[in-house]
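Me: I would like to learn how to read the features of this model. Could you take me through them one by one?

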Amino acid sequence: MTDFIYSSWGALVITLLMQIPFLIIFFSVVNKKAFVDNVAADTPAEKYTSTRYLWIAVVLISFFVINFASVKYMPTFVEANAELSNVKDVDISATSWKFDMSERSFKVGDTVRFLAKSEDTMHSFALYHPDGGLLFTMMLMPGLETASALVHTFDKPGVYMVRCLEYCGVNHHGMRSVITVAEK
Amino acid sequence: MSVANTLIQKAPFFGRMFQMEESDLNPINSWPALMAMTSFVWLTIAAVLGLSMPAIQLFDLGSHWYYQNITLHGAAMAFPFAFQLMVAMSLHRAGACLGKRADGILVALTYILMNVGALLLTVAVLMGFHVTYTVMFPLPVVGVMTGQWSMSALVIGFTGIAFVLLSMILTYPIKILRMSFFEKKHDELQLAERSLKDPGMIGMIMGVLVLLITGLPLLATASPILLHLYGIIPAEWIAWAVKPVVFEFIFYIFAHNLMEAMAIMIVGAVYATLPLCTADGSRRLYSDKIANLALWILLVTSITSFFHHFFTMYPALPSTFAYHGNIMSFATAIGGALTIFTILATIWKHGLVATPAVFLILGGFVMYILDGVTAIVISNVAWNFKLHGTVWAGGHAMSVLIAISMIWMGMLYYHYPLMTNRTINDSTARKCIKYFFLSFIGLFYTFLVAGAAGMPRRNAAWEGDWLIYGAMLGVFGTILIYSFFLYFSSLRNSKALDF
């Protein structure tokens, strides 16, 4: 369940779950007070106060739950939980407009730590699942001593597309590569 | 006749929207009207360029045109359109509420620097300087080294950017601060008295202070680079400034807070205008205290939430800063939640007069909140790794600019009779609002769905399903342009006020 919620499509669902109630309530209030009954309401002051506290409580609880539940998908947590003895380090060097990778072929179940650096301008190393969805992106800022790093475990065989998602010049769209993942 | 009025009189097509007689109110009307008119010229350019991008993809016209137009579109939309319109309306509001002149050297400089700067940047882009409106430093320099564009294009482009930055960071904020705290009051110009404790005024002052304070480090970093490009100072003097990590962080502290400042300003503008449109004539918000609290929360939390632009650098961006950015981004939404409550409680308590001005303002506010949700979602570290760099982020930037602009366009409807002694064409304005909202919803959700599908932003190769999203952007973009046309028509076909 949480795997879906913290995917890109899960982000869309959560976004809609927050937006749709807002839209319904906002338009209902505006419609009522602009067209149906546009006179001053005699709602008691306590009613406004209790509504305000309820509303803020809902917002605070939602935000706490969303962020707390996301912790296990954060890179520090993923890295800490990976069995480091089994992690393959892959060095990536990004230059306009290509990726040099120390290894491009893996097997299902392999846990890989991608360590990426840029040699010239801003780039990114974005890995796409064979079904077309974006698995993750890493921003690569030139001049940094520390490489951007992310741990990922391959769970399906296929051809994974690699793209640069930070605009890097007139052939930005051509900066791509592939990674192949074979059956175990 | 003042310089500003003369320029309006002589402007083809757009000038007719702001024709005004010489009057005692010219000191608060003329320059804001000229700025608003000029911003609409840039909007027209930005809109056509925006629509050209799906067309370039669908008809496979080439990446050169795509990157040129995306750079021009973003720059025109963000700075000489949205920002200049904000300058126009805030100067007018400050003048009329405080009884201060909205003209003089700082206003003229703001206008000249913004528009000449935008023109220079346009020239540079047409010379090949395709860096997008976020500059992507050190790309401008790398582009010269790799033969993507010339050194001349770089120098002209950076000069244009410097002009625009000077107007946004120095001349405009200083003028608003001078009007708020120092300049002489003219009773005959004060049409709707407001104190500086009023939420509408506090929002404006917070906004310009954010621009000034977060912008000065950028000016201090960019100025030596420009001076070196002019050959005035040696390369070793700017070694610190051209380090990507230095420039990018200073740039994003400003760029992020530029958007936040514009957002705080429009929240203040909604607080200022909504009470004037209540049915019971009370001219009051539900609670000034809660409104001010919301503004302070927005201000304090937004400043350091900029770290969310760098989450995906992990571990080069330490996790502490990432989590701080995550929490602060969500905390901005507490300010947003209090704002939603204040707006709805005001409408509920006092009723609403259904004018085009208030509907355009509230429509913009709804867009701002819808967009805010997408902004906090992508500010969660876990989601950010799956959405950053996609059109989800690009759609967020576009949506917040449209939302902000729509609120200022609603404010212009409200101020228009005062500015021109004419009243807008009501039926065209109502039609405009419907198309505006329809096109926004279409564009907004297309961007979100395409972003969730992994479609990259600023990428000239739309493939497979991405072309379908692109076609939808083209359709809704066309409707949005039609709504702009209706907006212009509602001003061009205005009627003289009958006294």
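Reply: Bear in mind that this is a predicted model. Start with a helix pair. H2(A) and H11(B) are roughly antiparallel to each other, because their angle is over 145 degrees. That angle is about 160°, and the axes are 9 Å apart.

Me: Which hand does the crossing of H2(A) and H11(B) have?
Reply: H2(A) passes H11(B) in a right-handed crossing.

Me: Which residues of H2(A) and H11(B) meet?
Reply: From H2(A) come Ala11(A), Ile14(A), Thr15(A), Met18(A), Gln19(A), Phe22(A), Phe26(A) and Val30(A). From H11(B) come Leu362(B), Val366(B), Ile369(B), Leu370(B), Val373(B), Thr374(B) and Val377(B). By class, this contact has 12 nonpolar, 3 polar and no charged residues.

Me: Why can residues three or four places apart point the same way?
Reply: An α-helix has 3.6 residues a turn, so such residues point the same way. Check the spacing against the lists for this pair. Among the H2(A) residues that meet H11(B) are Ala11(A), Ile14(A), Met18(A) and Phe22(A). Among those on H11(B) are Leu362(B), Val366(B), Ile369(B) and Val373(B).

Me: How many residues of H11(B) are buried?
Reply: Count neighbours; a residue is buried if 20 or more other C-beta atoms lie within 10 Å of its own. In H11(B), 23 of 23 residues are buried, and the helix is mostly covered.

Me: Now a pair inside one chain. How do the axes of H2(B) and H3(B) cross?
Reply: Read distance, angle and hand in turn. The axes of H2(B), residues 26-58, and H3(B) come within 7 Å and cross at roughly 155°. H2(B) and H3(B) are therefore roughly antiparallel to each other. Their crossing is left-handed. The contact of H2(B) with H3(B) has 26 nonpolar, 9 polar and no charged residues.

Me: Which residues does a cis peptide bond join, and what is omega?
Reply: Trp97(A) sits in the loop between strands E1 (87-95) and E2 (98-101) of chain A. Another cis bond joins Phe137(B) and Pro138(B), with omega about 10°. Pro138(B) is in the loop between H4 (105-126) and H5 of chain B.

Me: Which residue has a positive phi although it is not a glycine?
Reply: Phe13(B) has a phi of about 60°. Phe13(B) lies in the loop between H1 (3-10) and H2 of chain B. Arg283(B) has a phi of about 55°. Arg283(B) lies in the loop between H8 and H9 (288-304) of chain B.

Me: Is Phe13(B) buried or exposed? And Arg283(B), buried or exposed?
Reply: Phe13(B) is exposed, because 12 other C-beta atoms lie within 10 Å. Arg283(B) is exposed, with 12 other C-beta atoms within 10 Å.

Note on methods
Residues are numbered from 1 along each chain as its sequence is written. Chains are lettered from A and ligands numbered from 1 in the order in which they are written. This is a predicted model: local features need pLDDT of at least 70, side-chain atom pairs count only at pLDDT 80 or more; totals for chains, interfaces and linings use all residues. Helices (H or I, at least four residues) and strands (E, at least two) are DSSP runs, numbered from the N terminus. Axes are lines fitted to C-alpha atoms, for helices over the stretch in contact, and angles run from 0 to 180 degrees between N-to-C directions. Angles under 35 degrees count as roughly parallel, over 145 as roughly antiparallel, 65 to 115 as roughly perpendicular and the rest as oblique. A crossing is left-handed if the near helix is turned anticlockwise from the far one by less than a right angle, and right-handed if clockwise. Ala, Val, Leu, Ile, Met, Phe, Trp, Tyr, Cys and Pro count as nonpolar, Asp, Glu, Lys and Arg as charged, and the others, Gly among them, as polar. Two residues are in contact if their C-beta atoms, placed from the backbone, lie within 7 Å.
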